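Here are my notes for you to read with the structure open beside them. Take the points in turn and find each spot as you go.

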Amino acid sequence: MTVDAMIEDLRTLVEIESPSRDIEALTASAEAVAAVIAKRLGGTATLVESAAGPHVRWSGGGEPRVLILGHHDTVFPIGTLERRPFAVADGRVTGPGVFDMLGGLVQAIHGLAALDDLTGVEILVTADEETGSHELRALIEERARACGAVLVFEGAADGGGLKIGRKGCGTFEVVVKGRASHAGLEPEAGVNALIEAAHQVLDIVAIGRPESGTTVTPTVASAGTGSNVVPAEARVVVDVRVESAAEKARVEAAFAALSPRLDGAEITVLGGIHRPPMPESAAASLFAVAEELLPGVEGVAVGGGSDGNFTAALGIPTLDGLGAVGGGAHADHEYLLVDSMVERANLVTGLVRAVVSGK
């Protein structure tokens with residue numbers, strides 16, 4: 001394998017923008033991912049259609065032994081590439097999606113290409129990871145169970161560490177219903193949804209337990225229709241991260257128990273913690289192999305979620321953060337370090353060989 005070949009494939013994928021929920025763009029992206037897989041590994045990569053856009057599947061045949069898991073959607077809207085084009089300079093690759101996680105996909109494919117036999121290897125590249133993987137969670141879990149081991153190619157942790165644990169994460173939306181009235185003539189005739197929402201925000205924040213790794217963070221709020229109208233509705237969006245199944249249950253129960261403070265107000269809670277925590281125990285056996293292959297590599301627990309949360313929660317050995325070494329996920333300064341690409345592709349080769357052989 002060569003760095004030039006990896007950069008060539010990475011350029012191909014990055015220059016086909018693939019924002020989540022844009023079906024036309026995701027279709028073009030999925031076709032490009034499938035073409036790169038077929039070019040480097042042979043066989044046929046198939047598209048799995050869904051309401052979120054096409055996912056990509058490939059199999060090396062035989063009894064499934066290891067699932068290579070990634071996604072081809074990004075958080076960047078169409079037009080980002082024009083403002084921030086693909087570039088290689090000063091040992092870095094930049095452009096939308098190079099770190100999260102198109103670089104990881106390319107490294108995985110080239111690492112697999114170095115193997116003489118790909119029997120037992122499956123690849124699944126989803127189209128909706130950035131929006132929660134709602135469309136393909138069942139298939140991810142099915143193939144993970146069938147394979148018995150999962151390697152996830154999200155970007156590496158800071159400094160190149162592998163991700164051995166992740167918090168469970170989810171989004172809640174608290175909808176407050178009040179009653180409109182004229183803010184000047186008869187404010188007392190209304191039920192102010194904004195005031196009720198203010199009470200609820202304080203109650204929501206109190207659900208968090210940072211000392212236990214649980215963060216509960218209101219992130220988006222909206223209310224009202226005009227400056228002279230008592231608002232009849234307010235909405236509060238809340239990001240939640242938890243480290244344990246027990247905290248997941250507690251937080252979900254606490255949201256369900258929220259109750260209005262103002263007479264006449266009503267509260268509806270939507271959403272939940274859709275990604276369960278990824279316990280470090282799920283990564284232990286695979287990380288031990290990675291340490292032998294890449295001495296000194298660190299294992300890190302992180303707050304962000306991935307599709308590896310689903311597989312690890314099932315008790316299936318799962319190792320994450322095998323993708324690009326770099327940083328700036330979801331940001332304009334996103335980058336990938338060129339010098340790490342071959343090393344990480346070689347790590348893929350060694351890990352897959354060990355898993356498939358049962359060593």
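1. Start with Arg84 and Phe76. The charged end of Arg84 sits over the ring of Phe76, and the distance to the ring centre is 4.8 Å. Keep in mind that this is a predicted model.

2. There's another arginine to look up. Arg92 lies over the face of Tyr335, with 3.8 Å to the ring centre.

3. The partners are Phe172 and Phe255, and they are stacked, with 5° between their planes and 3.9 Å from centre to centre. Phe172 belongs to strand β9 (residues 168–177) and Phe255 to helix α7 (residues 245–256), so the pair ties together parts that are 83 residues apart in sequence. Are these two buried or exposed? Both Phe172 and Phe255 are buried.

4. Next, have a look at the six-stranded open sheet. Reading across, the order is β1-β2-β6-β3-β7-β14, and the pairing is mixed. The edges are β1 (46–48) and β14 (318–319); each has a single partner strand, so one side of each is left without a neighbour in the sheet. If you're new to sheets: strands pair through backbone hydrogen bonds, and they can do it parallel or antiparallel.

5. As a place to begin, find Val56, whose bridge partner in β6 is Val125.

6. Which helix lies across β2, β3, β6 and β7? That's α5 (residues 137–147). Relative to β3 (66–71), helix α5 runs at about 155°.

7. Time to zoom out. The protein chain has ten helices and 16 strands. Its radius of gyration is 23 Å, close to the 21 Å that the globule rule gives for 359 residues, so the chain is as compact as a globular protein of that length. Along the principal axes, the C-alpha atoms fill a box of roughly 80 × 45 × 35 Å.

8. Two percentages to finish. Of the 359 residues in the protein chain, 52% count as buried. Then take the contacts with a separation of 6 or more: residues 24 or more positions apart account for 79% of them.

Conventions: Residues numbered from 1 in each chain as written. Predicted model: local features only at pLDDT ≥ 70, side-chain atom pairs only at ≥ 80, totals over all residues. Heavy atoms only, no water. Phe/Tyr/Trp six-rings, centres within 6.5 Å; stacked < 30°, edge-to-face > 60°. Helix = DSSP H or I, 4+ residues; strand = E, 2+ residues; numbered from the N terminus. Buried < 20%, exposed > 50% of the residue type's maximum accessible area, 1.4 Å probe, protein only. Lys NZ or Arg CZ within 6 Å of the ring centre and 35° of its normal. Pairing = 2+ DSSP bridges. Contact = heavy atoms within 4.5 Å. Axes fitted to C-alpha atoms, helices over the stretch in contact; angles between N-to-C directions. Rg over C-alpha atoms; globule rule 2.2 N^0.38 Å.
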